[in-house]
Amino acid sequence: MPFRLLVPLGLLCLLLPLHHGAPGPEGTAPDPAHYRERVKAMFYHAYDSYLENAFPYDELRPLTCDGHDTWGSFSLTLIDALDTLLILGNVSEFQRVVEVLQDNLDFDIDVNASVFETNIRVVGGLLSAHLLSKKAGVEVEAGWPCSGPLLRLAEEAARKLLPAFQTPTGMPYGTVNLLHGVNPGETPVTCTAGIGTFIVEFATLSSLTGDPVFEDVARVALMRLWESRSDIGLVGNHIDVLTGKWVAQDAGIGAGVDSYFEYLVKGAILLQDKKLMAMFLEYNKAIRNYTRFDDWYLWVQMYKGTVSMPVFQSLEAYWPGLQSLIGDIDNAMKTFLNYYTVWKQFGGLPEFYNIPQGYTVEKREGYPLRPELIESAMYLYRATGDPTLLELGRDAVESIEKISKVECGFATIKDLRDHKLDNRMESFFLAETVKYLYLLFDPNNFIHNNGSTFDTVITPYGECILGAGGYIFNTEAHPIDPAALHCCRRLKEEQWEVEDLMREFFSLRRNRSRVKKTMSSGPWEPPAGPGTFSPPENHDGVRERKPAKQKTPLLSCPSQPFTSKLALLGQVFLDPS
């Protein structure tokens, strides 16, 4: 039976060799060490400019060397850049920023905040930093990772978002006031991504805190979208969260929809949830059938499948990376190379690109230093080692430095045709663009851990394995350690079976030692660790036993030694056909 490998990033380096190019003329593979240092310098030019000119505002305005609040007055760039600091190896600054955030972050403010952006940037950034704190040398409190100041801040921020989910459909409003909840008269129209992009952060939060409400509301929102798809299997762009009726019926993989599909795949990996993966695979069939033309993806009418917009949006460039996560490498590379031709044409990706005309769309000519094509290059390079992907990284560094670099950071490119700049540096430049560039050129980064090393942590709920690799990036590129979701089981029924087995084992050993008998049973092997598929839990949080015989599930894991299981070595997705 044909199969696809779905592998967390840490495994990809085991499966395929990586090719490390040396410095040379145009057309040869770029030198990773050289560009790694260039990327690091880019980060600090932007980061230092933010600290000197914009903190404590959300974002830097690089042309006027000052700051402004954009998404809620959270010092957002500081939160978004925090885990990037550790990936670049700067533990001292990571520790300093953690203290700054603990002392200054306050969510009891009268601010209207985007539910989507607050989740992916603030909740995601705080959760990631919390889980990386010990690696960064932060003195963690007893009970970590099941407790800690950054976790409490993430939970506080997420609770401020919960009123948005109190709708007849369970799909959230797009905006919430952090002090008063949803404003009277708030528009009920929300984009699809704004509804379906919570499961990674909220399921992590529920697992660490023991409060199921976060994962529950995220799952309900996902399911309502799934139930609202058209007869041909597509979803639109905007929906009324009170009535469940589609307001914008354009279907595609880009802006307004993108991270919904991303979170079905990443949620499936993170939670070992075969239902989420099955949902994505069904969408994937419809997307291929109705929106793909010559390895481009167009926008179509969700009920009829007729083309509505023959454009490529820069936000769609995440798609090849997502394809790589389900093992569809050939199609991923074909689409990536299409997108790369656009980059070469302009030195960046315009927000909209008219595919038949081969040019930008009016009023959509800008490039705000988005990460998506670089993100896909990073995933695909881990999977294939193709030096073409390093060339994209080189081109991105050269283009951004040449066009966008100013005295106070890096400025959004307002128009790729004449390289006019805009007075903004989005926080995702440090959270995503620079991070993915650095990881593309740093094959030995701890994020790429193949499971050969890991940390053992004792929690109030038993022994826990962390840092073995397989990190899941949220859509703001904040890495989540999937093993952490198994560290903080609150209910007795949910504690790892290994604890009971170990007690039984040591009890047997003591008893047999007393009667001086040699243990004759076979070697004891603990059950599968957090990187393997475990029996699903029912709605009461009680783990169900698998039946003795069953068909191979869509989401399954090959047999591995115990150490490999702890190393989060990935999963095999069988083709149901």
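Buried here means under 20% relative accessible area, exposed is over 50%, and partly exposed is in between, using a 1.4 Å probe and protein chains only.

Before I go on, some ground rules. This is a predicted model, so local features need pLDDT of at least 70 and side-chain atom pairs count only at pLDDT 80 or more, while totals for chains, interfaces and linings use all residues. Residues are numbered from 1 along each chain as its sequence is written, and side-chain values use heavy atoms, with hydrogens and water left out.

Back to Val 115, which sits in helix 5, residues 115-132. When I say helix or strand, I mean DSSP runs numbered from the N terminus: H or I with at least four residues for helices, E with at least two for strands. What does Val 115 touch, not counting residues up to four places away in sequence? The list is Leu 161, Ala 164, Phe 165, Tyr 173, Gly 174, Thr 175, Val 176 and Phe 198, where contact means heavy atoms within 4.5 Å. Take Phe 165 from that list: Val 115 and Phe 165 are 50 residues apart in sequence, and their C-alpha atoms are 9.7 Å apart in space.

Now zoom out. The protein chain has 18 helices and 26 strands. Of its 577 residues, 60% are buried. And among contacts with a separation of 6 or more, 69% are between residues 24 or more positions apart.

Next, a helix pair. Helix 9 (residues 213-227) and helix 11 (residues 274-290) pack with their axes 12 Å apart, at an angle of about 30°. The axes are lines fitted to C-alpha atoms, for helices over the stretch in contact, and the angles run from 0 to 180 degrees between N-to-C directions. So helix 9 and helix 11 are roughly parallel to each other; the cut-offs are under 35 degrees for roughly parallel, over 145 for roughly antiparallel, 65 to 115 for roughly perpendicular, and oblique for the rest.

Who meets whom? On the helix 9 side we have Arg 219, Leu 222, Met 223, Leu 225 and Trp 226, and they meet Lys 275, Leu 276, Met 279, Glu 282 and Tyr 283 in helix 11. By class, that contact of helix 9 with helix 11 has seven nonpolar, no polar and three charged residues. For the classes, Ala, Val, Leu, Ile, Met, Phe, Trp, Tyr, Cys and Pro are nonpolar, Asp, Glu, Lys and Arg are charged, and the others, Gly among them, are polar.

Last topic: salt bridges. How many does the structure hold? There are 25 salt bridges, each a side-chain nitrogen of Lys or Arg within 4 Å of a carboxyl oxygen of Asp or Glu.

Arg 38 pairs with Glu 398 in one of them, with the closest N and O atoms 3.0 Å apart. That pair links distant parts of the chain, 360 residues apart: Arg 38 is in helix 2 (residues 32-53) and Glu 398 in helix 15 (residues 387-404). Glu 398 is partly exposed, at 34% relative accessible area.

Lys 266 and Glu 262 also form a salt bridge, with the closest N and O atoms 2.7 Å apart. Both lie in helix 10 (residues 258-271), four residues apart, about one turn of the helix. Buried or exposed? Lys 266 is buried at 2% relative accessibility, and Glu 262 is buried at 5%.

Finally, a network of salt bridges links Glu 59, Glu 117, Arg 121, Arg 424, Glu 426 and Glu 476.
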